[in-house]
Amino acid sequence: MDNEINVTVASCVVRVTDLDRSVAFYRDIFSCQVAVHSEDMALLLTSKGFQLYLHAKEPFVERGNGVLGVHHLVW
């Protein structure tokens with residue numbers, strides 16, 4: 001019996017230090033449209049419905065677990 005699992009990631013939350021630079025990077029890499037952009041967060045959408053939430057963190061905070069990088073993945 002073939003039990004193939006087909007999973008698609010629906011959204012991702014990423015903490016970043018430079019929001020505008022990150023928006024430009026992910027917009028260009030994934031051909032996203034910017035749906036929401038505020039002072040400390042942005043929501044980017046792909047044509048296939050993937051949601052990428054970027055949340056800006058202060059650049060001079062201690063670099064411990066959970067400070068920067070992928071924060072959540074939603075299937």
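Where does K48 lie in this chain? K48 lies in the loop between β3 and β4, strands here being DSSP runs of E with at least two residues and helices being runs of H or I with at least four, both numbered from the N terminus.

## Basis of the report

This is a predicted model, in which local features need pLDDT of at least 70 and side-chain atom pairs count only at pLDDT 80 or more, while totals for chains, interfaces and linings use all residues. Residues are numbered from 1 along each chain as its sequence is written, and side-chain values use heavy atoms, with hydrogens and water left out.

## Overall layout

The chain has one helix and five strands, and along the sequence these follow the pattern β-α-β-β-β-β. Of its 75 residues, 21% count as buried, a label that means under 20% relative accessible area, whereas exposed means over 50% and partly exposed lies in between (1.4 Å probe, protein chains only).

Among the contacts with a separation of 6 or more, 54% are accounted for by residues 24 or more positions apart, contact meaning heavy atoms within 4.5 Å.

Helix α1 covers residues 19-30. Its twelve residues reach 16 Å from the first C-alpha to the last, close to the 16 Å expected at 1.5 Å a residue, where the expected span is 1.5 Å times one less than the number of residues.

In α1, the residues L19, S22 and V23 are buried. They cover an arc of only 100 degrees around the axis, which puts them on the same side of α1; the arc is that of the directions from the helix axis to the C-beta atoms. The buried residues of α1 pack against β1 (11-16), β2 (33-37), β3 (41-45) and β4 (51-56), while the face turned away from the buried side carries the exposed residues D20, R21 and D28.

S22, in helix α1, is buried with a relative accessible area of 12%. Leaving aside neighbours within four places in sequence, S22 is in contact with V16 and L54.

L43 has its place in strand β3 and counts as buried because its relative accessibility is 13%. Beyond neighbours within four places in sequence, L43 is in contact with Q33, V34, A35, V36, Q51, L52 and Y53. The C-alpha atoms of L43 and L54 are separated by 6.4 Å, although these residues are eleven apart along the chain.

## Features at the surface

K48 is exposed, with a relative accessible area of 81%. The C-alpha atom of K48 is separated by 9.4 Å from that of A10, a residue 38 positions away along the chain.

F25, I29 and F30 form a nonpolar patch on the surface, with about 310 Å² of accessible area together. Patches are made of residues with over 30% relative accessible area and no salt bridge, like charges being joined within 9 Å and nonpolar side chains (Val, Leu, Ile, Met, Phe, Trp, Tyr) within 5 Å.

The structure holds one salt bridge, defined as a side-chain nitrogen of Lys or Arg within 4 Å of a carboxyl oxygen of Asp or Glu. This salt bridge joins R27 and D28, with the closest N and O atoms 3.4 Å apart; R27 is partly exposed at a relative accessible area of 34%, and D28 is exposed at 55%.

Terms used: Areas by Shrake-Rupley, 256 points an atom, 1.4 Å probe, with all protein chains shown as cover.
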